[in-house]
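Me: Hi! I have a structure open and would like to talk it through with you. Could you take my questions one by one?

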Amino acid sequence: MLPALCSLFTALSCVSGVTVVTQKPPVLTLTAGQTANMDCNLGTVTNWEAFCTSLQSLLYLLVTPLISSLSTRVPSHTDTMLPALCSLFTALSCVSGVIVVTQKPPVLTLTAGQTANMDCNLGTVTTDSARWYKQVPGGVPQYVLRHYHGWSSPSYGSGFSSPKFTSTYSSKSDYKLIISNVEVGDSAVYYCHTYDSSAKEYLIVSDAALPSPVLKVLPPSTEELKTNKATLVCLASDMSVGFADVSWLVDGKSVTSGVITGSAQQQDNKKFTLSSYLTIDSSEWDNDKVITCEVSAGGKAASVKINKSECSE
């Protein structure tokens, strides 16, 4: 009994100090086929709720021997054990699940010049701040700003500043990211982050003056056709934004089964490219059905058609 309680009190006594999270190496360069190993040190835990969550398995392991010990002791000893069990259950009560951060709307589509408003609810967090990150498809996350409810204005990451980017709050857990006069370059995934959870929201900015994406469809391979399957590839390039709606049609009828669309990647010219795949029965290809790929990006759409008879061998 005593060793179990001592273990618990020892664990609880370590909730102090400053949390410093470190990762190494800062830069990891590998060639294709190698294995990436990234180390993370959580430092000293300072957040009680996060600490309670990390203690969950330890506390549950302690419960079993304590209750077992209680059931085997004589009645005269149970009175001294009940206070200890109550203390343990109080500690266990802090393990209340994972903090859920939510953002709305999940997708925000605007035209150039408008204002983007993204709402973030930090869930059960009431004393922490909201941190916002921007990630362009194919790129690394960029720190935009951090806002704490006690501050008069947010703090900014490199390359981001007011009045273009700002933040407000309506409560200790409800924050808003505001991007004024949006342009195509603001299209990205925006993450709202607190100390142990995050959520994401897509911002898509369209501009009528932008060009349509360039499309090309590749026919199925001869080898694949021998397996009674036919996979066509739709390549979209020079897209102005990193998000696109891709649709496939067979003889004018929309199909969704057998469709896989990858994530957009940024090109050297800062525009984007993506690939979408459609797998159908080889009989549909052999029967010369017309296959259409349609792509809409940044408010501009394009389509391309292909069928067996028009493909050169």
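Me: What does pLDDT do over residues 44–97?
Reply: pLDDT, the predictor's confidence in each residue on a scale from 0 to 100, stays under 50 over residues 44–97. For that stretch the model has 63 contacts beyond four places in sequence, a contact being heavy atoms within 4.5 Å.

Me: And how many contacts does the model have for residues 1–20?
Reply: For residues 1–20 the model has 40 contacts beyond four places in sequence. pLDDT stays under 50 there as well.

Me: OK, what's the average pLDDT of the protein?
Reply: The average is 76, and 70% of the residues score at least 70. Keep in mind that this is a predicted model, where local features need pLDDT of at least 70, side-chain atom pairs count only at pLDDT 80 or more, and totals for chains, interfaces and linings use all residues. Residues are numbered from 1 along each chain as its sequence is written, and side-chain values use heavy atoms, with hydrogens and water left out.

Me: Good to know. On to cysteines: how many disulfides does the structure hold?
Reply: It holds 2 disulfides. A disulfide here is a pair of cysteine sulfur atoms within 2.5 Å.

Me: Which cysteine is joined to Cys 120?
Reply: That's Cys 192, with an S to S distance of 1.9 Å. The link is left-handed, with -80° about the S-S bond. The pair links distant parts of the chain, as Cys 120 sits in strand E5 (residues 116–121) and Cys 192 in strand E11, 72 residues apart. Strands (E, at least two residues) and helices (H or I, at least four) are DSSP runs, numbered from the N terminus.

Me: Is Cys 120 buried or exposed?
Reply: Cys 120 is buried, with a relative accessible area of 2%, and Cys 192 is buried at 0%. Buried means under 20% relative accessible area, exposed means over 50%, and partly exposed is in between (1.4 Å probe, protein chains only).

Me: And which cysteine does the other disulfide join to Cys 234?
Reply: Cys 234 is joined to Cys 293, S to S 2.1 Å. The torsion about the S-S bond is about -85°, so this disulfide is left-handed.

Me: Where does Cys 293 find its bridge partner in E21?
Reply: The partner is Val 304. Strand E20 (residues 291–297) and E21 pair in the antiparallel sense over 7 bridges; two strands pair if DSSP finds at least two bridges between them.

Me: What sort of sheet do those strands belong to?
Reply: An open sheet of 4 strands in the order E16-E15-E20-E21, with antiparallel pairing. The edge strands are E16 (253–255) and E21, each pairing on one side only.

Me: Switching to charges: how many salt bridges does a search of the whole structure find?
Reply: The search finds 7. A salt bridge is a side-chain nitrogen of Lys or Arg within 4 Å of a carboxyl oxygen of Asp or Glu.

Me: Which residues are linked in a network?
Reply: Lys 164, Glu 183 and Asp 186 are linked in a network of salt bridges. Between Lys 164 and Asp 186 the closest N and O atoms are 2.8 Å apart. Lys 164 is in the loop between E8 and E9 and Asp 186 in the loop between E10 and E11, 22 residues apart. For Glu 183 and Lys 164, the closest N and O atoms are 3.9 Å apart.

Me: Is Asp 186 buried or exposed?
Reply: Asp 186 is buried, at 5% relative accessible area. Glu 183 is partly exposed at 47%, and Lys 164 is partly exposed at 21%.

Me: Last one: which side chain meets Asp 286?
Reply: Lys 308, in a salt bridge of 3.1 Å, N to O. Asp 286 is in helix H6 (residues 282–286) and Lys 308 in the segment after strand E21 (300–306). Asp 286 is partly exposed at 40%, as is Lys 308 at 30%.
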